[in-house]
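Me: Please take a close look at a single part of this model and tell me what is there. I would like one connected answer, in plain terms.

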Amino acid sequence: MLICFAVLQGCASTPKNSDQELDPADPHEKFNRASYDFTDKVDRAVFEPVVNAYIDYVPDAAQRSIGNFYDNLAYPNVALNSFLQGKVKQGTEDTLRFFVNSTIGMFGLFDMASHMGLQKHDEDFGQTLGVWGVKPGSYLFVPLIGPSSERDVTNIPIGLVTNVLFYAGLAVGTYFAAPLTILGAIDKRARLVGPMRIRDEAALDPYLFVREASLQQREFLVHDGKLPLDLYYEPFQDNPFEPDGKKQKL
């Protein structure tokens, strides 16, 4: 939460750039690039060696169980936002999925709910705001967390207070929650090995690659994969065969 506050304060204090070529979706690009570079250096120096060892020495089955465990801890956030988006049936199924995996699935280590036909969903508070018409606003790169936006950054505190690990830490203490939090960060980073390898090998500008990919993914999630035509390709909105001044919407 402190990181989130610091990012918003930094963006608020960033002077407006009068450059007409500045991307309107990323008016804080200078600040965001600095955050990206800092995060990338920390990742390569600290996380990457640990994650490589984790992938090499931890069996795939154990990695899947660890991933299932952390997904289940955070799943109340998915169920809550399904209801907030008006998806009552999906929210009910998501709630049932959480309880099935927390009990039969041994605290989420095993994804028994999927075997029972309870589909896994991906919802958060940023998506909920998007569903109800809130625009994403400016792009933000939150230090040590990753790409976000003025709308989606609101999910950071919501995701925290809906995570079971947060309450476990309050009940038992940080000596219990801290190791689990570190392992969770390693697990999350390990899942990103493939996309980050593509970024490093294919992107001329890694920052732009991450920005565009994250913005497109967020729009995909907000619309549940059913994107409006104007988000695919803006020129399709106009009939190219109509004379200038008489173009009609298709």
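Reply: Met116 sits in the loop between α5 (112-115) and α6 (125-131). The model is a predicted one. Met116 has a relative accessibility of 52%, so Met116 counts as exposed, because exposed means over 50%. Met116 also belongs to a nonpolar surface patch of about 700 Å².

Lys120 forms a salt bridge with Asp71, and the closest N and O atoms are 2.7 Å apart. Neither end is buried: Asp71 is partly exposed at 22% relative accessibility, and Lys120 is partly exposed with a relative accessible area of 43%.

This salt bridge can be set beside another one. The structure holds 18 salt bridges, and one of them joins Asp43 to Arg189, with the closest N and O atoms 2.5 Å apart. Asp43 lies in helix α2 and Arg189 in helix α9 (residues 174-191), and the two are 146 residues apart. Here both Asp43 and Arg189 are buried.

A further salt bridge runs between Arg211 and Glu212, where the closest N and O atoms are 2.9 Å apart. Arg211 counts as buried at 6% relative accessibility, while Glu212 is partly exposed with a relative accessible area of 32%.

Note on methods: Residues numbered from 1 in each chain as written. Predicted model: local features only at pLDDT ≥ 70, side-chain atom pairs only at ≥ 80, totals over all residues. Heavy atoms only, no water. Patch = residues over 30% accessible without salt bridge, like charges linked within 9 Å, V, L, I, M, F, W, Y side chains within 5 Å. Areas by Shrake-Rupley, 256 points an atom, 1.4 Å probe, with all protein chains shown as cover. Salt bridge = Lys/Arg side-chain N within 4 Å of Asp/Glu carboxyl O. Helix = DSSP H or I, 4+ residues; strand = E, 2+ residues; numbered from the N terminus. Buried < 20%, exposed > 50% of the residue type's maximum accessible area, 1.4 Å probe, protein only.
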